[in-house]
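Please keep the model open beside you as you read.

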Amino acid sequence: MAETVKLPIIDLSSPDRISTAKSIRQACVDYGFFYLVNHGVEGQLLSKVLEESKKFFSLPLNEKMKLSRKHHRGYSPLYAENLDPLSRSEGDSKESFYVGPVEGDMAQTNLNQWPSQEIFPSWRLTMESYHKKLMSVGKKLIYLIAMALNLDEDYFEKVGALDTPSGFLRLLHYPGELGCFNEQIYGASEHLDYGMITLLVSDGVPGLQVCREKFNQPRLWEDVPHINGAFIVNIGDMMERWTNCLFRSTLHRVMPVGQERYSLAFFLDPNPDCVVECLESCCSPSCPAR
């Protein structure tokens, strides 16, 4: 039975931005994960996105496969992915759907795939609205992360990271009943996110676990409890490298709990041309750039 981790809670609406930045710094140093509340994304929109997601995943497999993943957009079926290269399982017990950038470069936005408007008349509009909201929240968070690193709040904007940032929304469905297997089956096997930050929300069904000490063996896994309406934010490998390993990119996984689980993950990465190198504010004679 895993212990329960008590992650810090960050209030995005707080007028005391300096205090908020300090709290983010401590959370990213100690955990690499935190809750984000009062973020401005309406509960009604979150419910609508989860509802539309459930509708799509309820389609027959042959219908979903018509939107099979291309250019990191579209549908991936059960067991199509194994996030842990050392795992011997046949694949993770989840299906997913990717939505890439919805604004900016038409060459990128046109790569998105959408279900039939006749079947799901509000599906595309709902996902685009949510994507735009999450991009806005992510940018606000990046400003605070800059302050947390003792930089100007617009630092990442000035270095070009936010010129044309890459935002990918991933809809996830973990089935409740898995049948019988001879090996351990994971909803999502242990992994690190590789970008800047990830914002996650779920329908409340448990399963998410974190391992704060990724280099230790045996690994200690802790359950992440659900807070209604809150995003769970985590740091990715790119931000860990940017901060000279001051902020931690934390191992995490999803364990099956015998219930269907739906979640929405939003991955925010910088402009593809942005140069990532150790920040001076994260380096010192005792801790030189790695």
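Two rings of Phe, Tyr or Trp (its six-membered ring) count as a pair if their centres lie within 6.5 Å; planes under 30 degrees apart are stacked, over 60 edge-to-face, and the rest tilted. With that rule, a search of the whole structure turns up 8 aromatic pairs. This is a predicted model, in which local features need pLDDT of at least 70 and side-chain atom pairs count only at pLDDT 80 or more, while totals for chains, interfaces and linings use all residues. Residues are numbered from 1 along each chain as its sequence is written, and side-chain values use heavy atoms, with hydrogens and water left out.

**Aromatic rings**

- F56 and F57 make an edge-to-face pair, with 5.6 Å from centre to centre and 70° between the planes.
- Both residues are buried (under 20% relative accessible area; exposed is over 50%, partly exposed in between, with a 1.4 Å probe and protein chains only): F56 has 1% relative accessibility and F57 has 4%.
- Y155 and F156 are also edge-to-face, because their planes stand at 85° with the ring centres 5.3 Å apart.
- In this pair, Y155 is partly exposed at 23% relative accessibility, whereas F156 is buried at 1%.
- A cluster joined by ring pairs takes in F56, F57, Y75, F97, W114 and W123.
- The charged end of R253 sits over the ring of W221, 4.1 Å from its centre; this label calls for NZ of Lys or CZ of Arg within 6 Å of the ring centre and within 35 degrees of the ring normal.

**Pockets**

- A pocket here is an open set of points on a 1 Å grid over the protein atoms alone, where a 1.4 Å probe fits, with protein on both sides within 12 Å along at least five of seven lines; lining residues have an atom within 4 Å of a point.
- The volume is the space filled by probe spheres set on the points, which are joined across faces, edges and corners, and for the largest pocket it is about 630 Å³.
- Lining the largest pocket are 30 residues, with Y98, R170, H191, D193 and F267 nearest its centre.
- That lining comprises 16 nonpolar, 7 polar and 7 charged residues; Ala, Val, Leu, Ile, Met, Phe, Trp, Tyr, Cys and Pro count as nonpolar, Asp, Glu, Lys and Arg as charged, and the others, Gly among them, as polar.
- Strand β13 gives the most to this lining, 5 residues; strands are DSSP runs of E of at least two residues, and helices are runs of H or I of at least four, numbered from the N terminus.
- The second largest pocket holds about 400 Å³ of space, and among its 17 lining residues P101, E103, T164, P165 and S166 are closest to its centre.

**Strands**

- Strand β3 (residues 33-37) is largely enclosed by the rest of the structure, because 5 of its 5 residues are buried.
- F33, Y35 and V37 point one way from β3, and F34 and L36 the other way.
- Strand β2 (residues 9-11) pairs with β3 in the parallel sense over 3 bridges; pairing requires at least two DSSP bridges.
- D11 stands opposite V37 of β3.
- An open sheet of 5 strands runs β1-β10-β9-β12-β7 with mixed pairing, and its edge strands are β1 (3-4) and β7.
- β7 and β12 pair in the antiparallel sense over 2 bridges, and H191 has H252 of β12 as its bridge partner.
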